[in-house]
Structure formats: C-alpha cells, structure tokens
Amino acid sequence: EVIKLFIKIMRGFESSDMTSQNPSYSIHFYLLERLSNISIFSIIPELVSCRDELLLLLVSSCYSIVGSMITHGGSGKIAEHMTGILCSVMEETEAYTTEVFDTVLLALTQQYKKENVQGCEMMKAVLDKCPNNFQPFVERQLHQIKTG
C-alpha cells in the first residue's frame, strides 16, 4: 500500500496547476527526488504477491504522468527522476509480464508517440539505460512467436 501511496502522490504532477508557482510543487518535487535517490521502488521485485501489479502500475503511471504534465522549467527534471525510478526497478526485476513489456514497447510506436511524446522519450531513455534487462525478454518473446 505504501508503494501505491507514493505513486498516487507522484500523480500530483498531472494536475494542470502543478507548476513551480504552486505551493505544493516543491513538496512533490522533493518527495520525487528522494524516491528516486533512495530507490524505494526497487523493493517491488521482492514483493512476490503483488510484484506484477505494482510494476505495471508504476510503469504505466510514470508514462501517463510524464505525458500529461504541463511543460515548465522543472518538467525535464521530473521526467529524469521518473526515468531513474523505472531504471532502478527494471535493474532489480528478473522477469517482466507481457503487460509491462507491452506498455514499454507500445510507448515507442508512432501512434502512442503522437499521443505522448514525453512518455515515448522517457521509455527510450529507460531502454537505453537498461538494455540488458529488456534484450533477453525481447528474444524470448520473438522465439515464442516464431515457434507458435
């Protein structure tokens, strides 16, 4: 439940008035920065009973948040911290569900890129920073498709 609370707090950046002029912006940004620096989300792979649900929630939420944020001076730093959070979790995760994998890869398609350019850029950054985490999964998926 704590992980879901942190994700809910991060969703505050989706608010149209969440800019550096908003009094709660600095609190939200400080929390995001701390969550990124201490890698609190890295515990998700250890939570066997709800790992897949939380990982999918985190990945889809970060994608959504980055795409719906109002662009301002701090939005690049917010996306950078969310990329760091995703990378820390991905580095600790040994296997991904198809839903998580689909969320990451679909973000890179032309259709989804048109809808969420910033989210696409964030997912590209995650793939660039964690190539060894996704390559074996891609190869397994392609092998399964080929063999039926």
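Modeller: The model is predicted, so local features need pLDDT of at least 70 and side-chain atom pairs count only at pLDDT 80 or more, while totals for chains, interfaces and linings use all residues. Residues are numbered from 1 along each chain as its sequence is written, and side-chain values use heavy atoms, with hydrogens and water left out.

Biologist: What makes R11 and E14 a salt bridge?

Modeller: A salt bridge is a side-chain nitrogen of Lys or Arg within 4 Å of a carboxyl oxygen of Asp or Glu. For R11 and E14 the N to O distance is 2.8 Å, so the pair meets the rule. By this rule the count comes to 6 salt bridges. D52 and R51 also form one, at 3.6 Å.

Biologist: Why is E14 called partly exposed?

Modeller: Buried means under 20% relative accessible area and exposed means over 50%, with partly exposed in between (1.4 Å probe, protein chains only). E14 has 24%, so the middle class applies. R11, at 30%, is partly exposed as well. Of the 148 residues of the chain, 43% count as buried.

Biologist: How far apart along helix α7 are E121 and K124?

Modeller: They are 3 residues apart in that helix (residues 117-129), which means about one helical turn. Helices are DSSP runs of H or I with at least four residues, strands are runs of E with at least two, and both are numbered from the N terminus. E121 and K124 form a salt bridge, with their closest N and O atoms 3.5 Å apart. The chain has 8 helices and 0 strands.

Biologist: What makes E46, E91, E92 and E94 a negative surface patch?

Modeller: Patches are made of residues with over 30% relative accessible area and no salt bridge; like charges are joined within 9 Å, and nonpolar side chains (Val, Leu, Ile, Met, Phe, Trp, Tyr) within 5 Å. Asp and Glu count as negative, Lys and Arg as positive, and His and the chain ends are not counted. The place of a charge is NZ of Lys, CZ of Arg, CG of Asp or CD of Glu. Areas come from the Shrake-Rupley method with a 1.4 Å probe, and for residues only the protein chains shown count as cover. E91, one of the four, is partly exposed at 48% and lies in helix α4 (residues 75-92).

Biologist: How do you know that the radius of gyration agrees with a compact globule?

Modeller: The radius is taken over C-alpha atoms, and the globule rule is 2.2 Å times the number of residues to the power 0.38. For 148 residues a compact globule would have a radius near 15 Å, and the chain has 15 Å, so the two agree.
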